Each structure stands twice: as structure tokens, then as C-alpha cells.
Amino acid sequence: MASHRHDRLTEDIRRELTDIFRMLKDPRITGMISIVKVDLSGDQSYCKVYISSLDGLEAANRAVEGLKSAAGFIRREIGSRLKMRRNPEFHFISDDSIEYSADIARILYDLDK
């Protein structure tokens, strides 16, 4: 039963992070960034957030740097929006899965022609 609560809380964090990312005014966080995966630890003290960008891995790396500098603000916002035992410490990690899937789609499109 605790697994369902953990999964629901992870999904709530993902939804709130998406909303918070729209509020941030850091110039490094530009373009189309998305949250690929959210890993919340069992004791809710750490949260790994995998970030990907449609503009490529370098844009995702810049966005991660901007998110790391705003981690305190993000932690406070999550704490005020969600009722949790602990406010998790966020670790942002860049990922290139969106760029990779776009390349595969482009290759398949070219094969179709």
C-alpha cells in the first residue's frame, strides 16, 4: 500500500515541478525542456529529476545549471504546495532521451521515403 502513496507523491512532484519551471526566469532555462523521470527516495529526503531538452544535450546541461542555482526556491515551493514529511533535496540530471528519440523518428521518416 505504501508503494501507491510513493508513486502518487512522485507524480505530484513531477506535476508541481512542471508548473514551477514555467515560473522561473533564469535565462539558462530556455526552450523546450521536459522532465523525463523523477526518482524519489523511500524516505523522501532526496529526489533525482532527469531533464531533457528538444534543443539537445547542451541546452539540457545549461538548464540543469539554472535549475541547480534555483534548487532552494524549488524546494521551498514544493514544500508549500505538497504536504510531505520532508522537503526533498533536488538533484537535477541532464538526459538526451528526447533528442535521441527525435533522431530515431527522423531516421524512420527518411526510410519511409
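Predicted model: local features only at pLDDT ≥ 70, side-chain atom pairs only at ≥ 80, totals over all residues.
Visitor: Which strands form the hairpin, and what is in the turn?
Guide: Strand 1 and strand 2 form the hairpin, with five residues between them. In the turn, Q44 has a positive phi of about 60°.

Visitor: Parallel or antiparallel, and over how many bridges?
Guide: The pairing of strand 1 with strand 2 is antiparallel and extends over seven bridges. Within strand 2, Y50 is the residue that K37 stands opposite.

Visitor: Let us turn to S53. Where is that residue?
Guide: S53 belongs to strand 2, which covers residues 46-53.

Visitor: Is S53 buried or exposed, and why?
Guide: S53 is buried, because its relative accessible area is 1%, and buried means under 20%.

Visitor: What does its side chain approach?
Guide: A polar atom of the S53 side chain lies 3.2 Å from the backbone nitrogen of D55. Beyond four places in sequence, S53 is in contact with M32, I33, A59, A60, D95, I98 and E99.

Visitor: A change of topic: how many residues has the largest nonpolar core?
Guide: The largest nonpolar core has 25 residues, and those with the most contacts inside it are I13, F21, I74 and F92. Elements that each supply at least two residues include helix 2 (57-69), helix 3 (71-81) and strand 3 (89-95).

Visitor: Which element gives the most to this core?
Guide: Helix 1 does, with five residues.

Visitor: And what does F92 touch?
Guide: Leaving out residues up to four places away in sequence, F92 touches F21, V49, I51, V64, L67, K68, A71 and I74.

Methods
Residues numbered from 1 in each chain as written. Heavy atoms only, no water. Helix = DSSP H or I, 4+ residues; strand = E, 2+ residues; numbered from the N terminus. Buried < 20%, exposed > 50% of the residue type's maximum accessible area, 1.4 Å probe, protein only. Polar contact = N/O pair within 3.5 Å; in protein donor to acceptor, adjacent residues only side chain to side chain. Contact = heavy atoms within 4.5 Å. Core = buried A, V, L, I, M, F, W, Y, C linked by side-chain atoms within 4.5 Å. Pairing = 2+ DSSP bridges.
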